[in-house]
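Work through the two exercises below with the model in view. Each task is followed by a solution in steps.

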Amino acid sequence: MRKMLKVLKNIFFTFIASFLFVVLAVFIYHNYQKGKESSLINVGTSIDFNNKEINVYTEGNGEDTYVFMSGSGIAAPVYEFKGLYSKFAKENKIAVIERAGYGYSDVFHDDRDIDAILEQSRKSLMESGNKPPYILVPHSLSGIEAIYWAQKYPSEVKGIIALDIGLPHQYVTHKMGMVDSLTVRGVNILTKMGLHRLIPSAVYNPEVIRQSFLTDHEKEMYKALSYKQFFNDDMEQELIQSYNNGKKSFNLPLPKETPILFLDAVADENKNSKYTIQKNEDYEEFAGKLLKADVIKLKGTHSIYLYAPDEIYDLAMEFIK
């Protein structure tokens, strides 16, 4: 019996030692790679905020400026959204805001309050030569900021093309619970250890690599930026603060005069799910309170910009006219 316990004890400690060795090796490799990735060539204009920088990428010319705003965790927006914004840039001016913690922007390590985020976006656009009014193109979590923008500065927002966005009241109604909060914080800790490098498909969207709108070099930059920025402190705080940020918008009057086109992504496997049905009902209810709005279902996953770029562009042009 004692001999068996001794053997099991040796196996246990060997396992722990091996695990710690692997974690240490991954941590060292992660920081080595971060050092290499920090020298990546920047794409866009960097705007200074007390020695921290936010990157804004601009392309094209035209009367309207379409501002692309990424959802939570899309670590390299300039590359991930290229398949969509390049279509708009042919006849319009486009700007991609890489907010704090995203893409070529610095991690700010702040509390990600919606007022701070919005003011950073406004300053970044104006100082990079992009003057209002804008047509905002938010995805997912950035729907809070886009609607809040229209509520606080209606003259700056000509319209919103909402890509499967989260509505402010949804983040208030479905407040993040303790388990979800702990999960978010836990993933952030594991990322700091570099363990995300062991699961590439969780770090960047394989569909971006599969498609052809990026060059081979851009695909490598996309991967590198995704590893560098994945689920950092700013991304963690965005989710933690989603209730408070949603509440600030929810407590203001609706932006009734701002035209909003809701593009509702519906995947075949989820089309009859309770969540999908409720999401569409929420969009319809919100749209019904605005002077000009429409809700259109698009076939595809939440990353709808990867699956229906031509349709999104055509619908946006028709709606804005």
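**Exercise 1.** Find which helix gives the most to the negative patch.

Solution. 
- Start with the members: Glu284, Asp294, Glu311, Asp314 and Glu318 gather in a patch of negative charge on the surface. Patch residues have over 30% relative accessible area and no salt bridge, with like charges joined within 9 Å. A salt bridge is a side-chain nitrogen of Lys or Arg within 4 Å of a carboxyl oxygen of Asp or Glu.
- Now assign the helix: H14 (residues 309–320) gives the most, with three residues. Helices are DSSP runs (H or I, at least four residues), numbered from the N terminus.
- Check one member: Asp314 lies in H14. Asp314 counts as partly exposed because its relative accessibility is 49%; buried means under 20%, exposed over 50%, and partly exposed lies in between (1.4 Å probe, protein chains only).

This is a predicted model: local features need pLDDT of at least 70, side-chain atom pairs count only at pLDDT 80 or more, and totals for chains, interfaces and linings use all residues. Numbering runs from 1 along each chain as its sequence is written, and side-chain values use heavy atoms, without hydrogens and water.

Key: Patch = residues over 30% accessible without salt bridge, like charges linked within 9 Å, V, L, I, M, F, W, Y side chains within 5 Å. Areas by Shrake-Rupley, 256 points an atom, 1.4 Å probe, with all protein chains shown as cover. Lys, Arg positive; Asp, Glu negative; His and termini not counted. Charge placed at Lys NZ, Arg CZ, Asp CG, Glu CD. Helix = DSSP H or I, 4+ residues; strand = E, 2+ residues; numbered from the N terminus.
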